[in-house]
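Good morning, everyone. Please look at the screen while I talk you through one protein model.

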Amino acid sequence: MKPLPSTTQLPRWKKNNKDQRKCITTAEGIPITHPTSSITVGEHGPIVLYDSNLIESLAHFNRERIPERVVHAKGSAAFGYFEVTNDITKYTTSKVFEMGKKTPIAVRFSRVAGSLGSADTDLDPRGFAIKFYTEEGNWDLVGNNTPIFFVKDPILFPQFIHSQKPNPVTNLREWNQFWDFLSLRQESVHQVMFLFSDRGIPKSYRHMHGYGSHTFSLVDKNQKLIYCKFHYKTDQGIKNLTPAEAQQIAGEDPNYYGRDLYDAIENKDYPSWTFYVQLMTPQEAKQKSYDPFDITKVWPHSEHPLIKVGKLVLNKNPSNYFAEVEQLAFSPSNITPGIWISPDRFLQGRLFSYADAHRYRLGANYAQLPINCPFKINTYERDGAANIINQGGTPNYYPNTFRETPECPYNYPLPQHIEGNVGHYDTGKTENNYHQANIFYNKVLDATARGRLEDNLLSTIKKITCEKVKNNVLQMFSNVDQTFGDNLKEKLRKSIKHEGF
Ligand code: NDP
């Protein structure tokens with residue numbers, strides 16, 4: 001059998017790099033005469049301080065790691081293009097959506113809570129972030145494999161993530177804290193049910209849908225705005241792993257998704273997704289029985305059908321993981337003309353936090369790294385650590401007599417009239433958190449899928465050792481549907497009797 005491409009990278013590299021007669025140098029290009037021995041006093045004596053090659057080598061080694069992302073740490077990326085096949089230019093001036101346009105893209109798939117060393121197939125939502133390299137700058141659509149999220153106020157995001165991360169003492173996944181937070185913030189229930197349903201553990205990154213998740217806006221040539229959601233549906237078909245399969249793979253090959261993606265692309269089996277939008281006018285938004293800017297809710301397809309726009313295709317693997325994946329920096333604040341944000345407050349929190357994470361991880365000039373660098377920039381930012389494009393003698397202040405600053409043809413943000421009392425509004429209490437979750441349980445899942453959802457939930461609920469937390473969790477699912485809650489209680493009772501939990 002032909003070996004998988006992921007197992008033959010080194011021989012392939014050797015074949016393509018025949019001329020290797022160059023001598024090793026320092027980072028400053030100075031030849032290293034003895035790369036395999038330090039400079040010592042005699043054969044058995046101590047090392048001398050002037051062995052600057054040894055010192056540089058050890059010092060650089062100590063600095064090889066940058067902070068891992070607090071969320072979405074474990075991931076894989078690939079490159080390709082987005083091609084527009086259907087015309088939506090009456091809604092947006094975005095160059096990305098010009099009919100027939102092909103825009104280069106980078107896509108990074110990831111786990112959410114798992115750290116860098118975690119297994120790809122563990123239970124977790126999956127990130128699905130797309131960077132469109134457009135002539136108007138980078139547009140980052142930083143979504144997940146679910147159209148909804150656990151909480152809707154960004155102030156709760158750090159608390160939510162803390163609850164999903166290891167216990168601060170044991171450093172182990174802690175089901176009491178995992179479920180405690182979720183059951184005290186029951187707006188999470190819709191997303192929790194997606195997570196524990198069959199699609200919670202995809203067979204690979206290629207076999208899952210992606211969603212922009214938030215409500216965004218499209219802006220037309222008259223500056224008229226229409227709200228939109230982005231969906232990208234897998235052309236490979238939805239395929240999932242059972243929890244047992246996922247667990248086995250986690251032990252055998254923790255990098256299973258990354259390997260699958262790499263091999264598929266090297267074998268020219270290019271994965272693709274069909275890209276859709278859902279649209280909602282501002283007038284419609286005012287009349288909804290639910291908040292269309294609430295990320296724990298979907299827009300029903302029957303009211304806002306999917307409109308086909310084009311295709312995402314991945315046909316190139318990274319040429320270097322650190323340079324092109326670890327340093328690939330997405331931020332929802334990267335929005336290009338013709339596309340805009342919305343009153344979705346969770347999105348507004350992310351507009352700040354993503355770019356801030358990159359400033360911390362990669363430095364103030366992270367946007368200058370080749371993988372993040374837009375086609376052309378005309379910024380007045382200067383200096384800072386690791387600056388590569390400092391623009392020579394170009395003046396860096398405005399207004400300026402010497403450097404022309406032509407008027408920008410775009411006008412953002414759009415004029416918006418907003419009124420209301422400034423204050424705290426708890427998003428957990430203002431909306432019906434159970435209605436769409438009930439539809440998911442009763443109408444989307446069939447009886448066998450409902451049974452598997454309950455079994456998957458049970459496998460972790462039974463590990464809760466605090467009775468109060470366990471009761472809150474069971475009550476949360478009863479709030480969605482009484483039968484659902486009763487089934488879980490009954491299954492839990494039987495499992496305690498059987499397994500003695
Ligand atoms: P529809 O009844 O028109 O379609 C059901 C949707 O659910 C499809 O998008 C389907 O994806 C998706 N789906 C099926 N099984 C699962 C699963 N195990 N996990 C996650 N998604 C799944 O949907 P409506 O718009 O009327 O909404 C009804 C309910 O469907 C919602 O309350 C929500 O829970 C769920 N849903 C809705 C989505 C939306 O954007 N409107 C998106 C995803 C889910 P596929 O087409 O691949 O079968």
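A word on the ground rules. This is a predicted model, where local features need pLDDT of at least 70, side-chain atom pairs count only at pLDDT 80 or more, and totals for chains, interfaces and linings use all residues. Residues are numbered from 1 along each chain as its sequence is written, and side-chain values use heavy atoms, with hydrogens and water left out.

Domains, then. The protein chain is divided into two parts: domain 1 covers 75-148 + 203-368, and domain 2 covers 434-499. These bounds come from an automatic or database domain assignment. Taken over C-alpha atoms, the centres of domain 1 and domain 2 are 30 Å apart.

Next, the inside. By a nonpolar core I mean a set of buried Ala, Val, Leu, Ile, Met, Phe, Trp, Tyr and Cys residues joined through side-chain atoms within 4.5 Å. Buried means under 20% relative accessible area, exposed means over 50%, and partly exposed is in between, with a 1.4 Å probe and protein chains only. How many residues does the largest nonpolar core have? It has 83. Phe97, Trp179, Phe230, Phe275 and Phe477 have the most contacts inside it. Domain 1 and domain 2 each give this core at least three residues. There is also a second, separate core of eleven residues. Ala77, Ala129, Tyr133 and Phe330 are among them.

Now the empty space. Rolling a probe the size of a water molecule over the atoms shows where such space is left. Here, a cavity is a set of points, on a 1 Å grid over the protein atoms alone, where a 1.4 Å probe fits but cannot get out; lining residues have an atom within 4 Å of a point. Grid points are joined across faces, edges and corners, and a volume is the space filled by probe spheres set on the points. The structure holds three cavities of 30 Å³ or more.

The largest cavity has a volume of about 150 Å³. It is lined by 15 residues, and Asn144, Phe149, Phe346, Arg350 and Tyr354 are the closest to its centre. Which elements each supply at least two residues of that lining? Strand β4 (137-144) and helix α10 (345-362) do. Helices (H or I, at least four residues) and strands (E, at least two) are DSSP runs, numbered from the N terminus. By class, this lining has nine nonpolar residues, five polar and one charged. For these classes, Ala, Val, Leu, Ile, Met, Phe, Trp, Tyr, Cys and Pro count as nonpolar, Asp, Glu, Lys and Arg as charged, and the others, Gly among them, as polar.

The second largest cavity has a volume of about 60 Å³. Its lining includes Val112, Asp124, Phe160, Arg173 and Leu195. Seven of its lining residues are nonpolar, one is polar and two are charged.

On to single residues. Start with Ser272, in strand β8 (residues 272-280). Is Ser272 buried or exposed? Ser272 counts as buried, because its relative accessibility is 12%. Its side chain makes a polar contact with the side chain of Asp235, at 2.6 Å. A polar contact is a pair of N or O atoms within 3.5 Å; within protein, one must be able to donate a hydrogen and the other to accept it, and residues adjacent in sequence count only if both atoms are side-chain atoms.

Two residues have a positive phi without being a glycine. Lys268 has a phi of about 65°. Lys268 is in the loop between α7 (256-266) and β8, and it counts as exposed at 60% relative accessibility. Gln391 has a phi of about 60°. Gln391 is in the loop between α10 and α11, and it is buried, with a relative accessible area of 18%.

The loop between α10 and α11 (435-444) also holds Pro399. A cis peptide bond joins Tyr398 and Pro399, with omega at about 0°.

Last, a helix residue. Asp455 sits in helix α12 (residues 447-461) and is partly exposed, with a relative accessible area of 41%. Asp455 and Gln287 are 168 residues apart along the chain, and their C-alpha atoms are separated by 38 Å.

Thank you.

Note on methods. 1 Å grid on protein atoms, 1.4 Å probe; cavity = no way out; pocket = protein on both sides within 12 Å on 5 of 7 lines; lining within 4 Å.
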